[in-house]
Amino acid sequence: MSANRCLHLFSRLQRHIIPRAARCPVSSGSALLHRQHQDGSQVSSRTVSSDSFSSKPPDTSLFVPVSLKADASEDGDVGVELTQPLDRTELLKVLNRFYKKKEMQKLAADHGLDARLFHQAFISFRKYVLETLFLPADLHIILSDICSGSGHVDDIYPYFMRHAKQIFPMLDCMDDLRKISDLRVPANWYPDARAIQRKVIFHAGPTNSGKTYQAIQRYLAAKSGVYCGPLKLLAHEIFEKSNNAGVPCDLVTGEERSFMDPDGRASAHVACTIEMCSVTTPYEVAVIDEIQMIRDPSRGWAWTRALLGLCAEEIHVCGEPAAIHFIRELMFTTGEEVEVNTYKRLTPFEILDQAVESLNNLRPGDCIVCFSKNDIYSISRQIEAKGLECAVIYGSLPPGTKLSQAKKFNDPDDPCKILVATDAIGMGLNLSIRRIIFNSLIKPNVNEKGEKQMDTISTSQALQIAGRAGRFSSVYQEGQVTTMHRDDLPVLKELLSRSVEPIQTAGLHPTAEQIEMFAYHLPDATLSNLVDIFVSLSQVDGMYFVCNIDDFKFLADMIQHIPLNLRSRYVFCTAPINKKQPFVCTSFLKFARQFSRDEPLTYNWVCRHVSWPLSAPKNIKDLIHLEAVHDVFDLYLWLSYRFMDMFPDTAMVRESQQELDDIIKQGVRNITLLIRATNSSITAPLGSRRGQKGAISGSASAANVTNVTNKRAERGPVEELMDSSLAGRLVRDGLLTPDLLRQLQMEWSKNKKQEVPNQSALDKDHRDNTRVNNKRKK
């Protein structure tokens, strides 16, 4: 090799000798560590980050290695020219010796590589070294020296760490990520609210105590105000009440904007769902309803945001007394005092000593509360089979249909005097109920970890539902509460006698800005993975918790393959959809795909997707599909207020949604006909306990067990087949008709009869053979 060639190669090699830290930008904390390491001094963890940061190691199982592109080295075969080709067999031995050295593992752990990450990084590094055609010249020279015996295996460490930080980029910016995910002082996120001295008034009392009424009176008297409620129905109610009182008020929900000013200018008053409240608009009075939901595992963050962030001179908070102490503690962190006004229930309700036990004992004004749709279908069918009319209300019904059913039940001239409902009646509906009847005390719910479980309802839920009996402004001034089943009554009495557990924590949720800053540091991570790492690194004090993000991650994973920018992807994933509805999830996916192509989602496109117009439902399956289509229209409207240019036909979609609401109303009015069309053979016993999964709601006696056994014994084979999971599911889904089920039952009975004579003949042959054998023995 000529001297000029050597000089040329060494000039190209020079840049590899320059330390990586001198070429790459580092955070201030990393730079401080680098300088002090050069000075040979130590740096405390407090210098770089807080003590609490070091006390919570990251969950490295969430760190997904980045796939490196196999780019050809800029140096080409410089390393080979300067040294010699590497022996792959010897190279593998050297790498394995490096991996087995405890000193290297410990040193890597000090730099953020625990055993899991060290192993993953080594596998990737080994593959890179063995499979890359031309290694960078500096790494090639080091490996050549080690293989020839003139170098030490420890010399691999800097190059190993360089590779590890390439596949795990979070290692280089861990301090920055911790600072971004620091959620310990959420009050500081709202500087506008902190710039004023707010007065907080807590209206505490049970259901039907007038606490919200007093707050709304102050809201109506103010020059400007905002009402924040948990449901669209409640926002609509305040919207109408305010305008009827001569106070112009706008309506803002996730799917709807209604402005009283013809020119679209905002009114001084606004009624909104709590997620939609503005934390930058100044108001004189703000009302936050149902403050106890601040501890809700999924939506609690919205109450925390409103309480800490609303820019109002007066904050009127309404809710259970169990939240008083916690709200005081929370406001202590902002330096704001809390004035508490307590209220007592305006009308009493009593817990009866007798369970209903039979639908024959129903009376006008009764409301049977179930916790599953199947129970609602079954009980409403049985009630109308007895010649009684009933209204039906459950959570997935459109708001207009719920109001229609409530109006039907409340109308004294309407023959409908019985209501069958889920706990959806607990908020947002004014109902004239005399007696609340709990069909069950077991309800499916989702815990803070996102796990679904069956459990007895809480005291708070029991009081919320029981409190709907005997409303102050209703026909029935005194309410009654009982259960359908005798063994549930002691459990209900115990629940209602307990005091509600005091609220201890408030929910938080990562914002779009925080996720964007995370993505800046981790550009190759998926949105779902970004959120997982954020929650893993997040620091909250004892007053807060991070809300469950499973629904967010579900949507993020669903559209991960669709090319969207991060902000649009985040907005799509915050859409309030029911992930249990396959049609809604499919529509969400199609919306995102069409959006990514920069093609507007027009009214005609949506109509083709949902096969609009739709006819009246013929069975329960059709009704469920119509409810899903209504949710798809809701999704369109929700997205239209976030991406107006891409979802342009809001008015036409809303008009079609109102037509669909009328169709669903008609279907629900005839729900028993739909149930009969779906399954005329459903004669399940009163208040089916489906879904309880063996959960025990009380101390059932042996006599009760015997009664249940006797009831089951009285039922025919068709009913028994209906109780089996497969037959019941096929009928409910419309895949098996009652006639086919009867035919199957007849064939089953016929085969059973044929088996009996055959078995008798076999028994006779066996006895004859036994006699012959005995004679032979004699």
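This is a predicted model: local features need pLDDT of at least 70, side-chain atom pairs count only at pLDDT 80 or more; totals for chains, interfaces and linings use all residues.
Residues are numbered from 1 along each chain as its sequence is written, and side-chain values use heavy atoms, leaving out hydrogens and water.

**The sheet**

- Six strands make an open, parallel sheet in the order β9-β16-β13-β10-β12-β11; strands are DSSP runs of E with at least two residues, and two of them pair if DSSP finds at least two bridges between them.
- At the edges, pairing on one side only, are β9 (349–351) and β11 (390–393).
- β11 joins β12 (residues 418–421) through four bridges in the parallel sense.

**Aromatic residues**

- There are 19 aromatic pairs in the structure, meaning rings of Phe, Tyr and Trp (its six-membered ring) with centres within 6.5 Å.
- One of them is Y377 with Y394, edge-to-face (planes over 60 degrees apart), at 6.4 Å centre to centre and 90° between the planes.
- Both Y377 and Y394 are buried, that is, under 20% relative accessible area with a 1.4 Å probe, protein chains only.
- F572, F588, F591, F595, W605, Y636, F643 and F647 come together in one aromatic cluster.

**Charges over rings**

- The charged end of R642 sits over the ring of W638, 3.8 Å from its centre; for Arg this asks for CZ within 6 Å of the ring centre and within 35 degrees of the ring normal.
- K579 lies over the face of F554, 5.4 Å from the ring centre.

Conventions
Rings of Phe, Tyr and Trp (its six-membered ring) pair if their centres lie within 6.5 Å; planes under 30 degrees apart count as stacked, over 60 as edge-to-face and the rest as tilted. Buried means under 20% relative accessible area, exposed over 50%, partly exposed in between (1.4 Å probe, protein chains only).
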